[in-house]
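Here is a friendly note to go with your first look at this structure. Please read the points alongside the model and check each one as you go.

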Amino acid sequence: MASAAEASTSALGRSLDLLDQVDYRLAQTPEEKEEIYHLRYRAYLREGAVTESADQRVSDQYDDLPNSWTFGVYLQGELYSSVRISVLTSEWRLSCSAEAFGEILYPRLDRGEVIVDPARFVADPDKAGRFPELPYVTLRLAYMACEYFNADLGLAIVRAEHQAFYRRVFLHESIAEPRFFPGLLKPVGLMAADFPALREKVFERYPMMRSTAFERRMLFERSGERRSPSPSATVSTFERASIVPRS
């Protein structure tokens, strides 16, 4: 029987090939968003993380904030997984991790740090088994966000049983013990990695985490005008916060 490390290495190798088939889509239309909210519900329900509900959807107040991007990961035109990326700055401080662990994150934002907060990572419970590499492919979006927004810190808000994956792949360390979060039945802990210090080490171990400037711009500049602080604004939120994307 293959060890966990061997299985992980095999999945990673396949993920390089899978990238050619993956379509990352920013959820913009009501239909795209609802598909993802229903996916969250099915994934959380299967894990026992939420109770049954009549509307069979999971969304929250962070989904449509100017500093959040919700992506669907599609294979052969079908939605397989999703993750929401929130970018925290001294100006934009709203995300689920900031709410749950504000006493840890707000002082860092006060110092001018940029923090990428991926959350709501879910995979279709009926499809995920076909592609063990799906977590790598999905969370690559978080790494691209760290690169694009010049992040100082990359977060992971996860349950205890999932922390080993983030520690192994992204070199995250636990910075807060698990807590209960509104709407979830299981506690989540906070993990973090110093992105500038660790990015090259992650790239060496997991080359598929690399991306091009073009790919990052296509994903994160797509809705720049819509995500301005007001309809009349002429610069994006992140230009106002003096975040200069990498070229």
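1. Take the contacts in the chain between residues at least 6 apart in sequence: 72% of them join residues at least 24 apart. Please keep in mind that this is a predicted model. The chain has nine helices and seven strands.

2. Next, the surface. Of the 247 residues of the chain, 51% count as buried. The chain exposes about 11,700 Å², and carbon and sulfur atoms supply 53% of that area.

3. Just after helix 5 comes Asn150, which takes a positive phi of about 55°.

4. Now to the interior. In soluble globular proteins, nonpolar side chains tend to be buried together. Here the largest nonpolar core has 45 residues, and Met209 and Phe220 touch the most other members. Helix 5 gives the most to this core, with eleven residues. Apart from this core lies another, of 33 residues, with Cys96, Ile157, Leu184 and Val188 among them.

5. Which residues does Met209 touch, leaving aside its neighbours within four places in sequence? They are Tyr136, Arg140, Tyr143, Val169, Phe170, Val202 and Phe203.

6. Although Val116 and Leu88 are 28 residues apart along the chain, their C-alpha atoms are separated by 6.3 Å. Beyond its neighbours within four places in sequence, Val116 is in contact with Ile85, Ser86, Val87, Ala142, Ala145, Cys146, Ala151, Leu153, Gly154 and Leu155.

7. A word on the cysteines. A disulfide is a covalent bond between the sulfur atoms of two cysteines. How many disulfides does the structure hold? The count is zero. Cys96 has 6% relative accessibility and therefore counts as buried. Cys146 is buried too, with a relative accessible area of 5%.

8. Finally, some backbone angles to check. Most residues other than glycine have a negative phi. Gln56 is not a glycine, yet has a positive phi of about 55°. You will find Gln56 in the loop between helix 2 (30–47) and strand 2 (68–75), and its 44% relative accessibility makes it partly exposed. Leu171 also has a positive phi, near 60°. The place of Leu171 is in the loop between helix 6 (163–169) and strand 6 (173–179). Is Leu171 buried or exposed? Leu171 is buried, because its relative accessible area of 17% is under the 20% cut-off.

Terms used
Residues are numbered from 1 along each chain as its sequence is written. This is a predicted model: local features need pLDDT of at least 70, side-chain atom pairs count only at pLDDT 80 or more; totals for chains, interfaces and linings use all residues. Side-chain values use heavy atoms; hydrogens and water are left out. Helices (H or I, at least four residues) and strands (E, at least two) are DSSP runs, numbered from the N terminus. A disulfide is a pair of cysteine sulfur atoms within 2.5 Å. Buried means under 20% relative accessible area, exposed over 50%, partly exposed in between (1.4 Å probe, protein chains only). A nonpolar core is a set of buried Ala, Val, Leu, Ile, Met, Phe, Trp, Tyr and Cys residues joined through side-chain atoms within 4.5 Å. Contact means heavy atoms within 4.5 Å. Accessible areas come from the Shrake-Rupley method with a 1.4 Å probe; for residues, only the protein chains shown count as cover.
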